[in-house]
Amino acid sequence: VLCVQVALRIRPLREAEVEEGAALSARRVGDQRVTLMDPSEDPDDILRANRSREKTFLFDMVFDHTATQEEVYVSTTKSLIEGVISGYNATIFAYGPTGTGKTYTMLGTDSEPGIYVRALDDLFKGLGASAEEMDYTVSMSYLEIYNEVIRDLLNPSSGFLDLREDSRGRIQIAGITEVSTTNAQEIMELLMKGNKQRTQEPTAANRVSSRSHAVLQVTVTQKSRRKETSEEMWIGKLFMVDLAGSERAAQTQNRGKRMKEGAHINRSLLALGNCINALSEKGGSRTQFVNFRDSKLTRLLKDSLGGNSRTVMIAHISPASSSFEESRMTLIYAYRAKNIKTQV
Ligand code: ADP
Ligand code: MG
């Protein structure tokens, strides 16, 4: 039985935040601790003044502005890749409000590539090492869930795609582009281009708000070369998910169309939260009902969340005092995810 690993990444303070007079509210203390300081001061509240305005949260790993992309990858994801090669599933989530560094962690930049490319690199290296004994194929697809609708980020003109369950209960996306290149440079270009296709629209609170979930799905199929007669195959799936911004619709003062979209975003995020709650309560047994069918995201990730997977969540926050409330909500959500146990 394995618990979901939960890491926290605190991004650097931004110039705009400094200019707006924000102070540092979140601080990393050692490898596993973060303190969050409530910036609000109320001199009339005597009870409160005597109470600590500082809260401490404990995670499996905490990174701050000094952490490199390599460091974050090595301590959160690298060890999962071996498992995928042995036929296990693995899922990595980037969680947090818009603008806190989710896409930076997962996709990164050309000079500072993120988890997607680093994980694929290690996967190809590992598979290459066993190539004498095993025949393998790797296929990759990159999709968006926006408004509870699935779009192919590698071929956006293909319209809305259907999520289907085959007779064995395996989830498939009809008509999605499957890429099988092993060239890291080529993959990065595809993902960068795909990421630009994500639905991003301005709201009152953010210049650009990510209201879509992006999912990079990697399937590894292996077959022994030795046993010519055997049809035995290993299938390992790796999901790397850049979640939609977790800020609540109420906070962004969304109206009309935005509000509805907010509600839909919340459906997938909410369903994920509900599954996480149910999974963390049942403590590894599969008896309690977990409603994966509530949203596209949880349906897609059913096998991964339902137990047969190693799961890592990387929560993201801004250290700025102006983001205190969002950071607090993020830390509470992420802390709850620590109690999920999965059976690999
Ligand atoms: P999100 O995907 O959560 O909305 P982004 O990944 O787009 O947020 O990050 C917002 C901005 O902050 C981007 O310009 C990004 O390059 C920058 N940023 C985020 N995290 C870091 C980091 N750890 N180091 C340097 N820049 C970062
Ligand atoms: Mg993003």
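Visitor: Let's start with one residue. Where is the place of L269?
Guide: L269 sits in helix α8, which covers residues 256–282. One caution: this is a predicted model.

Visitor: Is L269 buried or exposed?
Guide: Buried. The relative accessible area of L269 is 8%, and the cut-off for buried is under 20%.

Visitor: What is L269 in contact with, leaving aside its neighbours within four places in sequence?
Guide: Y95, H213, L243, A244, G245, S246 and Y333. There is also a C-alpha distance to note: L269 and T298 are 29 residues apart along the chain, and their C-alpha atoms are separated by 8.8 Å.

Visitor: Zooming out, how many helices and strands does the protein have?
Guide: Eleven helices and 18 strands. The protein has 344 residues, and 51% of them are buried.

Visitor: What about contacts between residues at least 6 apart in sequence?
Guide: Of those, 72% join residues at least 24 apart.

Visitor: Now the inside. Which residues touch the most other members of the largest nonpolar core?
Guide: L8, V34, F59, L272 and L300. That core holds 43 residues. Another core lies apart from it, with 40 residues, including L80, M140, L153 and A214.

Visitor: Why would nonpolar side chains be buried together?
Guide: I can only give the general pattern: in soluble globular proteins, they tend to be.

Visitor: Back to F59. What does F59 touch, not counting residues up to four places away in sequence?
Guide: V6, L8, Q32, V34, L331, A334, Y335 and K338.

Visitor: You mentioned L80. Which residues of helix α4 are buried?
Guide: L80, I81, G83, V84 and I85. Helix α4 covers residues 78–85.

Visitor: And what covers the buried residues of α4?
Guide: The cover includes helices α3 (69–76) and α6 (115–129). It also includes strands β7, β15, β16 and β17 (309–317). Just after α4, G87 takes a positive phi of about 100°.

Visitor: Which residues have a positive phi although they are not glycine?
Guide: N147 is one, with a phi of about 60°. E148 is another, also at about 60°. Most residues other than glycine have a negative phi.

Visitor: Where are N147 and E148 found?
Guide: N147 is in the loop between β8 and β9 (149–152). E148 is in the loop between β8 and β9 too.

Visitor: Are they buried or partly exposed?
Guide: One of each. N147 has 24% relative accessibility, so it counts as partly exposed. E148 has a relative accessible area of 9%, so it is buried.

Visitor: Last one: pockets. How many residues line the second largest pocket?
Guide: 22 residues. I171, Q217, T219, I235 and K237 lie nearest its centre. The space in this pocket is about 550 Å³.

Visitor: Which element gives the largest share of that lining?
Guide: β8, with four residues. Elements that each supply at least two residues include β8 (134–146), β12 (171–173) and α10 (302–305).

Visitor: How does the lining divide into nonpolar, polar and charged?
Guide: Seven nonpolar, eleven polar and four charged.

Notes: Residues are numbered from 1 along each chain as its sequence is written. Chains are lettered from A and ligands numbered from 1 in the order in which they are written. This is a predicted model: local features need pLDDT of at least 70, side-chain atom pairs count only at pLDDT 80 or more; totals for chains, interfaces and linings use all residues. Side-chain values use heavy atoms; hydrogens and water are left out. On a 1 Å grid over the protein atoms alone, a cavity is a set of points where a 1.4 Å probe fits but cannot get out, and a pocket is an open set with protein on both sides within 12 Å along at least five of seven lines; lining residues have an atom within 4 Å of a point. Grid points are joined across faces, edges and corners, and a volume is the space filled by probe spheres set on the points. Ala, Val, Leu, Ile, Met, Phe, Trp, Tyr, Cys and Pro count as nonpolar, Asp, Glu, Lys and Arg as charged, and the others, Gly among them, as polar. A nonpolar core is a set of buried Ala, Val, Leu, Ile, Met, Phe, Trp, Tyr and Cys residues joined through side-chain atoms within 4.5 Å. Buried means under 20% relative accessible area, exposed over 50%, partly exposed in between (1.4 Å probe, protein chains only). Contact means heavy atoms within 4.5 Å.
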